[in-house]
Amino acid sequence: MKSYNCPSCGAEITFQSGESVYAVCKFCSSTIVRNDDEIQSMGVMASLPEDTTPFRIGSEITYKNVHYALIGRIKVAWEDGFWNEWNLMGDNGTSGWLAEAQGFYAINFETEHQFPKEIDDALKETMSNVHDFSISAHILPSRILLNTIQNINGQNFRIVDIKRASTVGCEGELPRQITTDRHLVSVDLIGKNGGYACIEIDENSYSVFTGEYREWDALHCQNARQFDNWKQIKGAW
Amino acid sequence: MEDDHSLDYTPPPTYTEAKHDVEALSCPSCGGAIKITAVGHSITAICPHCSSTLDVTNPVFQLIEQANEKARDTLIPMGTRGMLDNIAWEVIGYMERQDHEHNHWDEYLLFNPYYGFRFLVEERGDWFLYKVIKEYIDGAGTANHLVLDNRGYERDYHSKAYVSYVKGEFYWRVKKFETVDVMEYIDSSHLLSVESNEQEVTVSSGKAMDSKTIKDAFAITCDMPASTAKNPYFEEGTSNAYEDSPYDGRLQGIWLTALAMAFIAAAVHFIYLSLPTHNQLIHSTRFEISATDPSAAYATNNFTLTGGYSSIEISSQLVQSSSWMTINGILSNITNHKVYYFRQYLGNESGMNKRNAVSDFSSLPAGEYAVSLTLSGGVLQSNQPSEFNLYIHKDVESLGRYFFVLFLILLYPLYATYRHLTFRVAGYMDQYSGAKQASTAFWVIFIFIIMILLHFID
């Protein structure tokens, strides 16, 4: 954990994870980038649109016996709504993500995966048109089609969703610099037995994430967000 | 401290706390207040005042389709909360859906900020709770058979369905009259629903809910729609009626009992066969065939059947002949003047070699009887003298009797098996193939048994 003072308001800013390079000051919403030991204000982050997420910065979950804290969030918008990507910091030093959309929770980790050349070419071709919203995301280069099966690290996944999206904001700390309106193409895949994978393509690169869907109860979430009008999660009120 | 990953971190209490759990904004069409419950999830809402369709993705609501009509009342009003499976749900949306076979059903969208969404479906008085599952299942939406978590599911419904009425808020773009392909798969107690269009395939896993449970959970004061279930075991108050057939775990016992009874019946039958009164020869006559008079009539002396009702067997045996003949016989009850006709064929011509023929009569009352015969066939043209014997036995062995007893014994286990197989489907999908297959199987077995019985009783 490392602390700095916000260059804008002087309040303390803590980087909990050594991998975090980016944070939003919780007092003045300044966006802070850390380079070596220097920090720099990049501007002010607009407040995130209200939602009914059950998480907040500081919530904790357990996945495969590893305890994770939710230390940051990126909110992403697409044509038909929003989703949240929560930055996870595990007490074993791992860093991961909790994707949250429509009441589904997928824990996932970035993975190095070498796609066959034709898929790799198709993904690179997509990188060049992430800004072109006139091209429907469904008309990606034909090697990446809905319902096709892709093998990622030995596991088969089916492409179930391809959409254009852009980040609308973030909070907490993040492993990379996030600019609002970062355009991306997001490819969602599902595997057997709750398997989840995602390919995120922006103008510079594409990243591959694999993981699993988990039910709320299985997350063993602590310090969850509380709602005034949802006092009871379980049991009679 | 750069590498310290400990979690002794407590966020400031005000951090990202909700300012409002519910977003209240106004309709761009009529100006009426609209409450959004699943903020951040819902992207379409129907104005409760004017029924206009709105895009609520952003706080400035966009009008998608203007309307000016009063919202329809639903059995469960929007905003009602209820506890199902120990989780509190709020009803936030309602859709009436129809298929192209004139079926229609209601779907309520349920929301809980921690557990997400569920669909509560009511069709013809039966209730089902569905949850969308993120699983890719081979053949979902095309195959007749699916496998998920080692369970096999059979397809029993397939149609195009569309939304005919909407109310409330939704996390997708609801479009009235938009058509999707719907397939329902079923195993003993679980349902899989697969909805697909060109864009995506959505799989939901469902289970039947008891009407009383729904009524209590959402404190519904109106009468619940009457279930059209034909199954007498699906009664209000029996919880999870579909979960367990009343024959679950009992079928084996029922069948073992039946088999034991069949064995005892076989033993009794065997003892009966060995009794001295069984298969008694009560009359025999040897006839010489008159070669000169083809229309000659032959008659036995009178014989007496005593006791109550008994069965007899008339058998004939051709001796000393290489020809053939047909016997047209009449068994007459001299006491009550009833007559019974029979015909027998005997001979060894054109590949046939039948020296004995048998006719059975069951349930004959006691009394005086006689048999008269006329003959036809090649034996009458023969130059050789021919003879035949006629034997009359009483209380002959009758397998038919045993099969009739066996049929009675098997009736209940067959009925129980039929009810067990059709239990899940009888209530709500009786017109579909699952029930049809089971009932067809039942009737095939039933008719088969009847045919065997008829064959032996003859």
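Student: Before we start, what kind of model is it?
Tutor: A predicted one, where local features need pLDDT of at least 70, side-chain atom pairs count only at pLDDT 80 or more, and totals for chains, interfaces and linings use all residues. Residues are numbered from 1 along each chain as its sequence is written, and chains are lettered from A and ligands numbered from 1 in the order in which they are written.

Student: What does β7(B) pair with?
Tutor: Strand β7 (residues 87-99) of chain B runs antiparallel to β8 (residues 104-112) of chain B, with 8 bridges; pairing takes at least two DSSP bridges between two strands. Y94(B) sits opposite Y108(B) in β8(B).

Student: And the turn, which residue there has a positive phi?
Tutor: H102(B), at about 65 degrees, in a hairpin with 4 residues between β7(B) and β8(B).

Student: Where does β8(B) go next?
Tutor: Through 3 residues, in another hairpin, to β9(B). β8(B) and β9 (residues 116-123) of chain B are antiparallel over 7 bridges, and N112(B) faces G116(B) in β9(B).

Student: Switching topic, what's the strand order in the open sheet of 4 strands?
Tutor: In chain B the order is β16-β24-β19-β22, with antiparallel pairing. Its edge strands, β16 (280-288) and β22 (356-364) of chain B, each pair on one side only.

Student: How many bridges join β19(B) to β22(B)?
Tutor: There are 7, from β19 (residues 310-319) of chain B, and S315(B) stands across from V358(B) in β22(B).

Technical notes
Helix = DSSP H or I, 4+ residues; strand = E, 2+ residues; numbered from the N terminus.
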